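Please walk me through this structure.

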Amino acid sequence: MIKIKNYCIYYNHRDGKYYLDKSYPHKKNKKCPYKEFDLADDNHRTVATGTLDVCIIVLPGAQVDRNPTDTQTTIPNRVRREIAAANRIWQRRENGRLVQGVRFNVVRSFVYLENISGIVSNAENFPTRENSHMTMVQAMLRTGRAVCPNADVYVFYMNGNRFGPINSDYSSTVAITYNSFPIIIMTNASTSDYLLAHELGHFMFITNRFNRTADPEPFSTTDRNHNRTPTNLMFPSPDSWPPVPDITADQIYKALNSRVFYD
Ligand SMILES: [Zn+2]
């Protein structure tokens, strides 16, 4: 006679896998105890995969590694590399199939060969005064919407080796993601193909549908947007990254809770 044992099975929304709890043999007419694998968000049905539509706008002087034969709508080599890196790190694949994570889809890429009126092309000259800064960001968003009316996020590649002036601690900002605009700005100073993936991470965390915008393991009480592990993609500075930075299942789960995926 073959004895069949039944065990309780739990679904973990974080990695989309089913787990068998062998410590709890399932008895007839007895319910499995509810077991919490993750945040209270579990009953909000976090999607396993999502697609983020990215619009690329390249301003004059941005170093994006174009081929001589590229047209203005060809996706430049640097952008291809950075989007590929973002897809690698924000996705978990099994046998080549995407099982959990975010697909970054370039809806359109456009290279401006001449300055756009109202927008500085060199990120180092980005205005610091609040009013003129916001006026410029709004002009960029209008430009972005003209290129791609329905993208989720607009990535601008700009000339210059930093964003704005050098910081008071002599560091400089090489890329930024806005809190209140779907805009990411990349400069020429990028040292890693994963920097765009980092900025896209900020965008997905900032747009969390429960407004829980912090990284799952925040860097500090004052900087909750970054991760505390030096090798992690969301560590504040890319200087301590290995060639391929780390990411955690919690971060991918968090990214999948961007409101972008629930429209
Ligand atoms: Zn950052």
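Of the 263 residues of the chain, 32% count as buried. A residue is buried if 20 or more other C-beta atoms lie within 10 Å of its own, exposed if 12 or fewer, and partly exposed in between, with C-beta atoms placed from the backbone. This is a predicted model: local features need pLDDT of at least 70, side-chain atom pairs count only at pLDDT 80 or more, and totals for chains, interfaces and linings use all residues. Residues are numbered from 1 along each chain as its sequence is written.

The chain holds 4 helices and 8 strands. Helices (H or I, at least four residues) and strands (E, at least two) are DSSP runs, numbered from the N terminus. Read from the N terminus, the elements go β-β-β-α-β-β-α-β-β-β-α-α. Among contacts with a separation of 6 or more, 62% link residues 24 or more positions apart. Two residues are in contact if their C-beta atoms, placed from the backbone, lie within 7 Å.

How far can the model be trusted? The mean pLDDT of the chain is 87, and 83% of its residues reach 70 or more. Here pLDDT is the predictor's confidence in each residue, from 0 to 100. Confidence is highest in α1, at 98, and lowest in strand β2 (residues 17-25), at a mean of 54. Residues 1-5 have pLDDT below 50, and beyond near neighbours in sequence this stretch has 1 contact in the model. Residues 34-41 are also below 50, but that stretch has 11 contacts beyond near neighbours in sequence. Where pLDDT is low, the predicted coordinates should not be read in detail.

Now turn to the sheet. It is open, with 6 strands in the order β4-β5-β3-β6-β8-β7 and mixed pairing. Two strands pair if DSSP finds at least two bridges between them. β4 (91-94) and β7 (175-177) are the edge strands, and each pairs on one side only. From one strand to the next, the twist averages 25°. Axes are lines fitted to C-alpha atoms, for helices over the stretch in contact, and angles run from 0 to 180 degrees between N-to-C directions.

Follow the pairings across. Strand β3 (residues 49-58) runs parallel to strand β5 (residues 97-111), and 10 bridges join them. V58 has V111 in β5 as its bridge partner. β3 also pairs with β6 in the parallel sense, over 5 bridges. There, V54 stands opposite V153 in β6.

How many residues of β6 are buried? 5 of its 5 residues are. V153, V155 and Y157 point one way from β6, while Y154 and F156 point the other way. Next comes β8, which pairs with β6 in the parallel sense over 4 bridges. I184 in β8 has V155 opposite. T177 also stands opposite I184. β7 and β8 run antiparallel, joined by 3 bridges, and a hairpin of 5 residues links β7 to β8. I183 and I185 point one way from β8, I184 and M186 the other, and all are buried.

Strands β3 and β5 run parallel, as noted. Helix α1 (residues 77-89) packs on the sheet and touches β3, β4 and β5, its direction making about 160° with that of β5. Helix α3 (residues 195-206) packs on the sheet too, touching β5, β6 (153-157), β7 and β8 (183-186). The direction of α3 makes about 15° with that of β7.

Look at α1 in detail. At 1.5 Å a residue, its 13 residues should span 18 Å, and its end C-alpha atoms are 19 Å apart, which agrees. The expected span is 1.5 Å times one less than the number of residues. Which residues of α1 are buried? They are R78, V79, E82, I83, A85, A86 and I89. These cover an arc of only 155° around the axis, which puts them on the same side of α1. The arc is that of the directions from the helix axis to the C-beta atoms. What covers the buried residues of α1 includes β3, β5 and α3.

End with F261, in the segment after α4 (249-255). F261 counts as partly exposed because it has 19 C-beta neighbours inside 10 Å. Leaving aside neighbours within four places in sequence, F261 is in contact with V47, G50 and L256. F261 and D152 are 109 residues apart along the chain, and their C-alpha atoms are separated by 9.7 Å.
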